Amino acid sequence: MNADLEHLVCRRLFTENADPLLVAGSDGRVVLSNPGAQAMFGYSEQEFDGLPVELLVPERDREEHR
């Protein structure tokens, strides 16, 4: 499979998946979110962009999940 087709397939699986999915960079900030995650957390794709994943974890659990 060529790289362009592979990218298209992966992107489509990510965006059309009903389950909430997020991709974070090594700095712990969201770089991709799918519609399921956007609906679950109430953020738009633009609002998710760069958001620290830590903010999505309940405050009482943040230290444990760093």
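**Entry 1: the whole chain**

I began with the surface: the chain has about 5100 Å² of accessible area, and carbon and sulfur atoms hold 52% of that. Those areas come from the Shrake-Rupley method with a 1.4 Å probe, and for residues only the protein chains shown count as cover. A note to myself on the source: this is a predicted model, where local features need pLDDT of at least 70, side-chain atom pairs count only at pLDDT 80 or more, and totals for chains, interfaces and linings use all residues. Residues are numbered from 1 along each chain as its sequence is written, and side-chain values use heavy atoms, with hydrogens and water left out.

Next I looked up the fold. I found 3 helices and 2 strands, in the order α-β-β-α-α from the N terminus. Both are DSSP runs numbered from the N terminus: helices are H or I with at least four residues, strands are E with at least two. The C-alpha trace spans about 45 × 25 × 20 Å along its principal axes.

**Entry 2: what is buried**

I checked burial and got 15% of the 66 residues. Buried means under 20% relative accessible area, exposed means over 50%, and partly exposed lies in between (1.4 Å probe, protein chains only).

The largest nonpolar core has 5 residues: Val-30, Ala-37, Phe-48, Leu-51 and Leu-56. Such a core is a set of buried Ala, Val, Leu, Ile, Met, Phe, Trp, Tyr and Cys residues joined through side-chain atoms within 4.5 Å.

I then followed Ala-37. Apart from neighbours within four places in sequence, Ala-37 is in contact (heavy atoms within 4.5 Å) with Pro-20, Leu-21, Leu-22, Gly-42 and Phe-48.

**Entry 3: the rings around Phe-48**

Which residues form the aromatic cluster? I found Phe-41, Tyr-43 and Phe-48 in it. Rings of Phe, Tyr and Trp (its six-membered ring) pair if their centres lie within 6.5 Å; planes under 30 degrees apart are stacked, over 60 edge-to-face, and the rest tilted. By that rule I have 2 aromatic pairs. Phe-41 and Phe-48 are edge-to-face, 6.1 Å centre to centre with 90° between the planes. Tyr-43 and Phe-48 have ring centres 5.1 Å apart and planes at 50°, so I logged that pair as tilted.

I also noted accessibility: Phe-48 is buried at 0%, while Phe-41 is partly exposed at 33% and Tyr-43 is partly exposed at 29%.

**Entry 4: helix α1**

Last, I looked at Val-9, which lies in helix α1 (residues 3–16). Val-9 is partly exposed, with a relative accessible area of 35%.
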